[in-house]
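Have the structure open beside you as you read.

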2 protein chains.
Amino acid sequence: MTPALRSALALAERLFDELRAHTTDAPGITRAAYGESEQFAHELLKRTGRELGLAQAIDAAGNLYLTMPGEDSELPSWIIGSHIDSVPHGGNFDGAAGVLAGIAVAAALKGEGRQLKRNLTIMVIRAEESTWFPVSYLGSRAAFGILPAEALETCRADTGLTLRSHMEALDFRPDAVAAGEAYLDPARIHGFIEVHIEQGPVLEREDVPVGLVTGIAGSFRYREARCLGAYGHSGAVPRADRQDAVVAFAELVAALEQTWDGLERDGERATITFGEVGTDPTQHAFSKVPGEVGFCLDVRSESAACLERIHAELRQHAAIIEQRRGVRFDWGERTGSSAAVLDPALRQLLAASAERLGIRAIEMPSGAGHDTSVFANQGVPAALVFVRNQNGSHNPDEAMRIEDFARAVELIHRCVVAD
Amino acid sequence: MTPALRSALALAERLFDELRAHTTDAPGITRAAYGESEQFAHELLKRTGRELGLAQAIDAAGNLYLTMPGEDSELPSWIIGSHIDSVPHGGNFDGAAGVLAGIAVAAALKGEGRQLKRNLTIMVIRAEESTWFPVSYLGSRAAFGILPAEALETCRADTGLTLRSHMEALDFRPDAVAAGEAYLDPARIHGFIEVHIEQGPVLEREDVPVGLVTGIAGSFRYREARCLGAYGHSGAVPRADRQDAVVAFAELVAALEQTWDGLERDGERATITFGEVGTDPTQHAFSKVPGEVGFCLDVRSESAACLERIHAELRQHAAIIEQRRGVRFDWGERTGSSAAVLDPALRQLLAASAERLGIRAIEMPSGAGHDTSVFANQGVPAALVFVRNQNGSHNPDEAMRIEDFARAVELIHRCVVAD
């Protein structure tokens, strides 16, 4: 490793620490999309960009672009980036690792006094985590001018304010977002590379520091589903008269487990998760048959056909349970995202760099969604590099060894230098 | 029906209306044990007692006794009573019907200028609903001096205050309760009669206004149980690596349904209810594998052996699920109450009165617990009279036709007069 690279990694480490120190929200950290904590991170990165002599731009939605000019600025650019927001009480690395990988590559190039052939832009993407506004890939879609205008008015954060209000409060330009103003043009992008911690245990188990992602799962989601039965006295309502929402919900969960068994038998890859469930605290009691339970369902697969199969079985199971249990499922809005196939040539370039550097890397799919999907679906050659991570993601215990992060930075540095 | 009875029922109706008007907490009514709303009801009944010329006494725990002296006060007394607290957002009749039935009987006797052979006491019992303090039959147990002293310190309401503090705030005598001071002596009670709305749909379905209860179910409860797994990213953690608390909980619910199927095949009567369930709002997200779910379990049966069978199967199911799903069940405290057999002679007297008055009545068990249990288990001849009720209980929609309530009042009036 060159001294310039080593010093760039030390900078990244200091930035990780500064982010953690300023956005701690025990347990873990919280960086709310379009909130104060995400804004703190953007300010920190702007300052870092100035120190590295990078040109700065901000688009209508508040995405930040820090650019190191290449020999020929007319050539399509490299973009390295990720989001800087987090889930509530998440970990310090989900998102931030991709931004700081870009910073580290730029800092290394600067330290080496090297100018690339083409521009290199670090993109700090807004609002990727859809726990804040119930929409996926908000920032990256806005950057391409493809965020539906109604999202500005209908999406509200837990502050009670709309996305438009949040954008206005930070002096961005929601009207331009609504009008579909695009900052990014797919034809002007040579390649998009996102570094992200792996959010599952595969790399750890395989003892490999880096994963090269082949494709990103799409999803369907019901985030405000309810099972509606009837409240009754827990001791006095005979079994045959019950319309027990919790029992009906449990049957649905069990039925979806059977669906998942069937998918595995057929070699289909998917995940099915009921991440939130709750009876109504204003109505429930330990001595009442529960008359209502709310829940979230998140289903992901790389295969659109597989998603539709699960959706069809979900509705079949629900219809049977409704009849048997005297309940009704109220699904609310269906949201989700499309699957994305990543660029084989760019992946091949990364794999070749890894081999030359002696870094072990495996190819793997991503069950989790990422901004990379948006770039890929816009026709941009896109790559996603996973870094090994010990305790899963979207939780306060997520971890990442800085030496594994260093491998990803080295890999990308090599890749853009070799271009 | 005599004019005195008719006028007594009109008084009861006015009292129901006044209770509802002052304790409405939409949806439904709330009368919190040892709270302002229960206290309002006690004040209303004290005033009513004064207007009817009844003697007034309050015991160390705040139970209220309104007594119409009989010809021979040395004879053991009749007690007619029930509780006046409610579940949160409950209905107006659960509990109150039993108190106002006693008031109506006393008012009718007064209107008729009739003195009974023995004293007739209307007992307004404190804190029957264990949603407030996690203990069953708090008031009636304290009246017999059998409430465990530690309940005063360990039981806290949602106010955050202990039972002792609540009693002190209302000028009652928690030290005397702790010392086991008894206001009631089983040997001095001729019979205890509680009127209560039926909390299930049986009388409505059988088209009968009144039920005479044969026995009251006992229970076991886990009110703060949790299933503990591990949080993870919903898209990134493969199925085999998941420790999904919601899936494990759903399996437990399904397994208990199978246990219930087995009980029904064996002719055992029980109810099994998971009335409250919820993931942790400070940790959960739609995009996280849920690492924890809290729940309440309430199991009831007239048979102690049946309760133990269910408990044993519960623990077996849980052990299997823990192993299969990599989760752990944390049960918390086990609470519950004993089953009670009611007095056949007193029930026979009520049945004979019903026949003479041409009131249709059926014998039935009670799946729900009642203060009557405490009297019966203290050796007092005890009876429980159910009144038909349209929409179940422990919910804001509970209903009771005043003409059905009138039948219960007539029946008891007849029974005490015929003594």
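A cavity is a set of grid points where a 1.4 Å probe fits but cannot get out, and its volume is the space filled by probe spheres set on those points. With that in mind, the second largest cavity holds about 160 Å³ of space. Please remember that this is a predicted model.

**Cavities**

- How many cavities of 30 Å³ or more are there? The count comes to four.
- The largest cavity has a volume of about 200 Å³.
- A total of 25 residues line the largest cavity, and Glu128(B), Glu129(B), Arg221(B), Arg300(B) and Gly369(B) lie nearest its centre.
- Strand S7 (residues 218-228) of chain B gives the most to this lining, with three residues.
- By class, the lining of the largest cavity has 15 polar, five nonpolar and five charged residues.
- The second largest cavity is lined by 20 residues, with Glu128(A), Glu129(A), Arg221(A), Arg300(A) and Gly369(A) nearest its centre.
- Twelve polar, five charged and three nonpolar residues make up the lining of the second largest cavity.

**Pockets**

- Which strand gives the most to the lining of the largest pocket? That is S7(B), with five residues.
- The lining of the largest pocket has 19 nonpolar, 17 polar and ten charged residues.
- The second largest pocket has a volume of about 1,000 Å³.
- Around the second largest pocket there are 41 lining residues, of which Pro134(A), Val135(A), Ser136(A), Arg223(A) and Thr335(A) lie nearest its centre.
- Elements giving two or more residues to this lining include helix H5 (151-154) and helix H12 (372-377) of chain A, while S14(A) gives the most, with four residues.
- The lining of the second largest pocket divides into 15 nonpolar, 15 polar and eleven charged residues.

- Helix H11 (residues 344-357) of chain A packs against helix H13 (residues 402-418) of chain A at an angle of about 115 degrees, and their axes are 9 Å apart.
- Because of that angle, H11(A) is roughly perpendicular to H13(A).
- The crossing of H11(A) past H13(A) is right-handed.
- On the H11(A) side, the residues in contact include Leu346(A), Leu349(A) and Leu350(A), and on the H13(A) side they include Glu410(A), Leu411(A) and Ile412(A).
- The contact of H11(A) with H13(A) is made by eight nonpolar, one polar and three charged residues.

How values were computed: Residues numbered from 1 in each chain as written. Chains lettered and ligands numbered in written order. Predicted model: local features only at pLDDT ≥ 70, side-chain atom pairs only at ≥ 80, totals over all residues. Heavy atoms only, no water. Axes fitted to C-alpha atoms, helices over the stretch in contact; angles between N-to-C directions. Parallel < 35°, antiparallel > 145°, perpendicular 65-115°, else oblique. Left-handed = near helix turned anticlockwise from the far one by under 90°. Contact = heavy atoms within 4.5 Å. Nonpolar A, V, L, I, M, F, W, Y, C, P; charged D, E, K, R; others polar. 1 Å grid on protein atoms, 1.4 Å probe; cavity = no way out; pocket = protein on both sides within 12 Å on 5 of 7 lines; lining within 4 Å.
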